[in-house]
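Work through the following exercises with the sequence and the structure side by side. Each task is followed by a solution that goes step by step.

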Amino acid sequence: MRSLLRFCCALVLVISARVAMAQLSETQRDFHQNWLATAGSVERLVDNGEASNAVLEKLRSDLVEFREAFTVARDQNSARIKTLESQIDALGPKPDSETGGDEPADIADLRQSLNEQLEKLKVPQVVADEAYKRANGLIGEIDRIVRDRQASQLLSRSPSPLNLVYWPAALDDVHSAISAMINETVTAWKGRAKPEKFDEQWPILLLMVVAGTVLILAGALLSARLGTYLRGFGGKGSGVWGFIVSLVRIFLPFIGIVLLCKAAELTGLLGEHGQYLLQAIPDWSAIYLVFKWLGDQIYGQPDREQLVEFNQNRAPQARLLVQTLAVMLIIYDGIKIFDDVEDVSIASRAVVAFLPILLASIALMRLQQVGMRRGPRTEDDIDDMSRRRERPRVTLAIRRGIATLVTISPIMAMTGYINAAEAIVYPAILTLATIATVLILQRFIGDLYGWLSGKGEAAQDSLFSVIVGLVLMLAALPVLSIFWGARVSDLTELWTKFLVGFSVGGVMISPNVILMFAAIFVIGYTLTRLLQSSLRTNILPKTGIDPGGQNAIVSGVGYIGVFLAALIAVTGTGIDLSSLALVASALSVGIGFGLQAVVSNFVSGIILLVERPISKGDWIDVGGLQGYVRDISVRSTRIETFDRTDVIIPNSDLISGTVTNYTRGNTIGRLIVPVGAAYGTDTRKVEALLREIANKHPMVLANPAPSVVFQGFGADSLDFEIRAILRDVNWVLSVKSDMNHEIARCFAEEGIEIPFAQRDIWLRNPESLPGASTFAPSARHNFTADSVIELDPPKSGNK
């Protein structure tokens with residue numbers, strides 16, 4: 001049924017393609033014919049289901065190349081097509097012949113010509129779009145087949161390796177493989193066809209052997225001398241040169257091993273099995289050296305901060321376990337070579353693979369136990385963990401998750417699921433190695449940044465170090481996915497879909513669109529800030545606009561510039577917002593209810609900037625709070641009070657509430673200084689003195705002249721007030737203080753008394769109080785306001 005459906009679809013496509021092919025160029029037709037042949041062969045192989053994974057991967061790569069070509073072809077002539085469509089739209093709708101309307105001949109000819117050009121340009125796009133979808137579908141089918149085969153192989157079950165019946169055959173297979181490799185080498189040595197060629201190459205071989213041996217044996221010494229030389233450039237103690245030396249320490253022995261392997265290959269004395277083994281030795285040496293380096297970096301630096309939590313006393317054991325894991329990976333790779341070269345049974349394969357799986361699982365579990373601290377923590381440990389609590393939590397969670405997996409792995413191997421067990425334990429080892437590499441690289445980059453910036457160890461806790469760690473972890477995700485069974489083609493397919501983008505409300509969002517939008521917006525935003533800076537420092541100070549008005553203009557230019565930058569970025573990237581109109585209207589309702597206060601403050605901020613009832617530098621009073629306006633933003637206004645504290649006031653309070661602006665328009669303001677004189681003082685004399693004091697102060701305006709008002713007869717004094725108009729009301733407290741000092745001096749010189757409060761206390765029954773003889777019955781005594789009388793409470797009910 002599936003084949004019949006595919007045949008019908010292909011028949012329809014062939015008929016439509018023949019119609020379209022007539023309008024393609026010769027090159028396009030040849031390319032399309034090649035594509036049809038490739039697609040047909042892929043469909044036949046997919047239907048048969050007998051092609052190997054290697055063949056399917058090769059066909060898939062061909063399909064990907066075709067799909068990329070079709071992607072480019074779909075976008076060809078897009079600009080020209082839009083131009084033709086706009087020209088046709090400019091001609092208006094074609095008159096309906098049934099209504100009797102006739103179109104002029106020249107317009108009809110132009111319309112027909114434009115339609116023919118448009119159809120000719122659209123045909124390649126239509127063909128490319130159809131071919132693109134077909135190629136994409138075939139790629140998806142190949143991926144599905146390969147994934148199904150991988151899942152089937154992963155869940156395939158072999159005989160249990162615990163059954164000792166299969167062990168003799170497995171040992172014989174291993175012995176046969178080793179014997180075959182030895183026999184091939186001996187045969188090649190005895191039966192050399194061209195000994196003179198070997199004799200000619202022996203000097204080069206000897207040189208390679210000597211150089212390789214020196215690099216292997218003296219690599220540590222050479223790297224130490226290199227480190228001493230590099231530290232002469234500075235950065236001692238930063239850890240940068242130590243990291244580089246550690247890399248050189250494993251790189252030099254690796255080069256030595258490669259030279260030795262190359263020398264052995266040039267001898268030509270190894271057979272087929274020996275060549276397989278010789279080609280794998282550099283990879284094995286790289287695995288061992290890298291894991292040894294990881295163990296030294298994680299567990300071998302007691303003077304550095306721990307990257308992962310572990311018991312320092314078990315550091316040598318941890319490094320040995322890491323090297324053991326490297327050996328297990330090498331054995332696993334050797335088993336795969338053994339499986340490819342030798343035709344062994346499934347049972348023998350299971351027996352040979354079981355012991356490395358078990359040892360690797362035990363090593364991983366033991367390594368996880370090394371990370372557990374024993375005994376109580378010291379105070380320094382607690383402080384250190386409080387500073388680094390996030391990173392150990394993450395690494396500990398990953399480590400425990402892997403420990404759980406490797407616990408399951410030997411059980412699966414015992415039951416015969418060898419492939420599944422291998423797909424768990426060895427990726428778990430590689431995952432831990434990858435995470436350790438990320439942590440080490442993050443620390444190195446932090447050390448380098450700390451050295452160059454002069455921050456030292458503090459750079460490890462900086463935002464830069466966190467960002468570096470995040471970037472390194474994101475870069476490691478594709479590697480981890482490959483370790484856990486993902487194919488490279490799967491990752492490239494995800495990347496292709498990411499580049500194509502996704503649709504949101506009919507708008508296609510892709511990385512190109514995002515980058516273009518960000519670039520245009522950043523350019524617009526930068527130009528806006530430059531314009532604001534020029535206005536603030538160069539243009540506006542040369543005008544007669546007050547500082548508040550200048551600040552309002554600069555702020556308005558900033559808001560308009562950001563809005564225009566966003567609008568230009570949207571239109572420049574070709575995003576059609578009309579399809580998002582419904583979503584935007586729904587969001588506006590939600591914004592109206594959920595952000596009502598924010599929107600109110602925003603609108604109030606715009607009103608303040610436009611109407612300017614208050615400006616920067618004004619002295620205002622809002623709800624009993626006085627201070628100077630320091631900044632007016634679109635949401636709130638910042639006021640600095642007289643005790644130098646900043647108060648943030650929502651703009652809506654300034655619009656809806658009562659605001660007193662003492663310095664709006666001008667800084668002239670009135671000062672009132674209350675003064676009291678003792679009863680019996682000449683009021684005219686007091687008035688003359690106060691008027692003279694007010695006129696003498698330089699901040700008091702002569703016009704209108706200051707006045708002295710005799711307010712009335714107070715409870716304790718004759719009350720006067722100095723009322724004066726100041727040049728700058730901001731100096732009101734200073735002027736008031738100066739006048740009070742002058743009043744005190746003049747009153748003292750003139751003998752005028754400044755009274756203080758007096759009170760009369762009547763004792764109705766003083767005889768009931770202790771010491772009653774000192775008080776006359778119903779006596780009245782005068783006390784000043786600062787007198788203190790301590791009376792014991794009466795013993796009776798008398799008051």
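**Exercise 1.** In this predicted model, determine how the axes of helix α22 (residues 683-696) and helix α23 (residues 732-750) are arranged, and describe the contact between α22 and α23 by residue and by class.

*Solution.* Begin with the axes of α22 and α23, which come within 10 Å and cross at roughly 140°. Angles count as roughly antiparallel when over 145 degrees and as roughly perpendicular from 65 to 115, so α22 is classed as oblique to α23. Next, take the handedness: the crossing in which α22 passes α23 is right-handed. Then list the residues that make the contact, which on the α22 side are Lys685, Val686, Leu689, Leu690, Ile693, Ala694 and Lys696, and on the α23 side Met739, Glu742, Ile743, Cys746, Phe747 and Glu750. Sorted by class, the contact of α22 with α23 consists of nine nonpolar and four charged residues, with no polar ones.

**Exercise 2.** Which parts of the chain does the salt bridge between Glu57 and Arg487 tie together, and which network includes Glu57 and Arg487?

*Solution.* First, the closest N and O atoms of Glu57 and Arg487 are 2.9 Å apart. Glu57 lies in helix α3 (residues 53-74), whereas Arg487 is in the loop between α15 (463-483) and α16 (488-500), so the pair ties together parts that are 430 residues apart in sequence. As for accessibility, Glu57 is partly exposed at 27% relative accessible area, while Arg487, at 8%, is buried. Finally, salt bridges link Glu57 and Arg487 in a network with Arg60, Arg67, Asp143, Arg147, Asp490 and Glu493.

**Exercise 3.** Locate the salt bridge between Arg630 and Glu640, and decide for each residue whether it is buried or partly exposed.

*Solution.* The closest N and O atoms of Arg630 and Glu640 are 2.6 Å apart. Arg630 sits in strand β4 (residues 625-632) and Glu640 in strand β5 (residues 636-641), 10 residues apart. Buried means under 20% relative accessible area, so Glu640, at 16%, is buried, whereas Arg630, with 29% relative accessibility, counts as partly exposed. Across the whole structure, a search finds 24 salt bridges.

Conventions
Residues are numbered from 1 along each chain as its sequence is written. This is a predicted model: local features need pLDDT of at least 70, side-chain atom pairs count only at pLDDT 80 or more; totals for chains, interfaces and linings use all residues. Side-chain values use heavy atoms; hydrogens and water are left out. Axes are lines fitted to C-alpha atoms, for helices over the stretch in contact, and angles run from 0 to 180 degrees between N-to-C directions. Helices (H or I, at least four residues) and strands (E, at least two) are DSSP runs, numbered from the N terminus. Angles under 35 degrees count as roughly parallel, over 145 as roughly antiparallel, 65 to 115 as roughly perpendicular and the rest as oblique. A crossing is left-handed if the near helix is turned anticlockwise from the far one by less than a right angle, and right-handed if clockwise. Contact means heavy atoms within 4.5 Å. Ala, Val, Leu, Ile, Met, Phe, Trp, Tyr, Cys and Pro count as nonpolar, Asp, Glu, Lys and Arg as charged, and the others, Gly among them, as polar. A salt bridge is a side-chain nitrogen of Lys or Arg within 4 Å of a carboxyl oxygen of Asp or Glu. Buried means under 20% relative accessible area, exposed over 50%, partly exposed in between (1.4 Å probe, protein chains only).
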